[in-house]
Amino acid sequence: MESVARGGTRWKRFAIVMVPSVAATAAIGVGLAQGALAASFAVSGQEFKVRAGYLDGQGFSQYGGVVDAYAELDGDETIGRPVMVSTFKSATIEDMCQSVVTKVPLLGTFTLQLKAGYGDKSVTAKNLYLDISELKGDATFTDIDIGIAAKHTDDAKVGKGPAVKDDIQPNGFAQQADKAVLTEVEQRAWATTAGTFTLGGLDMKIKKGSGPGVECF
């Protein structure tokens, strides 16, 4: 398959053998009219946390990958970080919180916290791609296929997920499902892209410090 760089990031020949699991929610995301595969950005050196009370995802697939992320907040060195690439054709999310911690010289540690989808509001996304390193929560899958080759998860005849990312290991382990419902999820992620990403009831704050009560978990 044709090899296309994703913002200077190339997917190495890597595959993670995963139990049924999926990234539960998105970060702020990148809005792309033509979908996530056109994303062009360098992955930062900061991992972020996301918590979601509920996610209803349609057209799910997941496979292993590696992102090239900056090693530090200063400098140009990048390192490869293994991730689970979790994708949805569409998703509805409730009770979402995202947080990232930053140390500001002379001022101390601060946390940027984002909340959306609370009360009668919801978060919606189409063609959602999440590069995650850790996930905890409860999940229910409908018509799941475990062990399918990654390159077939977007096949017109047997695939259930959105378009496969470029430069993955095409015959590597993957899984897919018609539907995935997740509850009480906590996730750590390096990047998120989406075709469209709508945040109902968006509330962003900068809080002093980090840890319990400041970060999402």
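Predicted model: local features only at pLDDT ≥ 70, side-chain atom pairs only at ≥ 80, totals over all residues.
Residues are numbered from 1 along each chain as its sequence is written, and side-chain values use heavy atoms, without hydrogens and water. Local features need pLDDT of at least 70 and side-chain atom pairs count only at pLDDT 80 or more, whereas totals for chains, interfaces and linings use all residues.

A pair of aromatic rings is described by the distance of the centres and the angle of the planes. Rings of Phe, Tyr and Trp (its six-membered ring) pair if their centres lie within 6.5 Å; planes under 30 degrees apart count as stacked, over 60 as edge-to-face and the rest as tilted. The count by this rule is 2 aromatic pairs. The ring centres of phenylalanine 60 and phenylalanine 88 are 5.7 Å apart with planes at 40°, so this pair is tilted. Phenylalanine 60 belongs to strand 1 (residues 48–70) and phenylalanine 88 to strand 2, 28 residues apart; strands are DSSP runs (E, at least two residues), numbered from the N terminus. Both phenylalanine 60 and phenylalanine 88 are buried (under 20% relative accessible area; exposed is over 50%, partly exposed in between; 1.4 Å probe, protein chains only). The rings of phenylalanine 60 and phenylalanine 141 are also tilted, because their centres are 5.5 Å apart and their planes at 35°. This pair links strand 1 with strand 4 (residues 123–149), across 81 residues. Phe60, Phe88 and Phe141 form one aromatic cluster.

A salt bridge is a side-chain nitrogen of Lys or Arg within 4 Å of a carboxyl oxygen of Asp or Glu. The count by this rule is 7 salt bridges. In one of them, glutamate 215 and lysine 49 have their closest N and O atoms 3.1 Å apart. Glutamate 215 lies in the segment after strand 6 (203–208) and lysine 49 in strand 1, 166 residues apart. Both glutamate 215 and lysine 49 are buried.

Lysine 160 forms a salt bridge with aspartate 145, the closest N and O atoms being 3.1 Å apart. Aspartate 145 is in strand 4 and lysine 160 in the loop between strand 4 and strand 5 (173–199), so the pair ties together parts 15 residues apart in sequence. Lysine 160 also forms a salt bridge with aspartate 178, at 3.9 Å between the closest N and O atoms. Aspartate 178 is in strand 5, 18 residues from lysine 160. Lysine 160 is buried, with a relative accessible area of 16%, whereas aspartate 145 is partly exposed at 30%.

Conventions: Helix = DSSP H or I, 4+ residues; strand = E, 2+ residues; numbered from the N terminus.
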